[in-house]
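Subject: Structure for you to look at

Hi,

Here is the structure I promised to pass on. Please open it next to this email and follow along.

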Amino acid sequence: MKRFKIALDVDDTVAGFYSHMCKHFKRPELRVDIWDGKGDCKWVADEFPDLFSNLEFWKTQPVLSSPESITFDFDYYLTAFPEDLKWLRREWLMRNGYPDKPVICTENKVEVMLDLQIDVLIDDKPSTIKKVREVGLIGIQFVPSYMNNYDENDPFTITHLSQVPGVLNIK
């Protein structure tokens, strides 16, 4: 059986970004499409730039998916986190007991996947999953509890990381 090379996103896949942002800005946590940048989530897009220099915000993100829910081997964390804060992302992962894997910061996840011959990306962002699939790679969309923009019939959509082995048909 083929061994897939797998990358795992961090924010809103293992780290609770949206819930933490709601708490930080004293906003209600709604079931929304955080990625639309308008409507109920316009405030997220508006406030997000102010968070880049707020190290305390990033240090105190809650765990969304526990390390124990990762019931498969993977190769990289692939995150859109700023490269100059990579140390902070790695520190958060290690402090919260996640597997010790390389952290790659990039805005272009597909390019990195192609360069490193990564077969699978597990990510919450629908447009990222779409781009991954358009180049013939496997995109598994992780759906956190807040998200309402996903295809329930897509066999590569999961709500818990323990579902990954079943989706990939791996042990």
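Start with Asp75. This residue forms a salt bridge with Arg3, and their closest N and O atoms are 3.1 Å apart. A salt bridge here is a side-chain nitrogen of Lys or Arg within 4 Å of a carboxyl oxygen of Asp or Glu. The pair links distant parts of the chain, 72 residues apart. Asp75 sits in the loop between helix H3 (55-59) and strand E2 (76-79), while Arg3 is in the segment before strand E1 (6-8). Helices (H or I, at least four residues) and strands (E, at least two) are DSSP runs, numbered from the N terminus.

A word on the source. This is a predicted model, in which local features need pLDDT of at least 70 and side-chain atom pairs count only at pLDDT 80 or more, while totals for chains, interfaces and linings use all residues. Residues are numbered from 1 along each chain as its sequence is written, and side-chain values use heavy atoms, with hydrogens and water left out.

Is Asp75 buried or exposed? Asp75 counts as buried because its relative accessibility is 18%. Arg3, at 45%, counts as partly exposed. The cut-offs: buried is under 20% relative accessible area, exposed is over 50%, and partly exposed is in between (1.4 Å probe, protein chains only). Arg3 and Asp75 also belong to a network of salt bridges with Asp73 and Lys101.

The structure holds eleven salt bridges. Here are two others.

- Lys109 pairs with Asp9, with the closest N and O atoms 3.0 Å apart. Lys109 is in helix H5 (residues 109-116) and Asp9 in the loop between E1 and H1, 100 residues apart. Lys109 is buried at 9%, and Asp9 is buried at 4%.
- Glu134 pairs with Lys130, with the closest N and O atoms 2.9 Å apart. Both lie in helix H6 (residues 126-134), four residues apart, or about one turn of the helix.

Now the nonpolar side. A nonpolar core is a set of buried Ala, Val, Leu, Ile, Met, Phe, Trp, Tyr and Cys residues joined through side-chain atoms within 4.5 Å. The largest one has 40 residues. Val14, Phe72, Ile122 and Leu161 have the most contacts inside it. Helix H1 (residues 17-24) gives the most to this core, with four residues. A second, separate core has eleven residues, including Ile104 and Met113.

Beyond its neighbours within four places in sequence, Phe72 is in contact (heavy atoms within 4.5 Å) with Ile6, Ile122, Leu161, Val164, Pro165 and Ile170.

Best wishes
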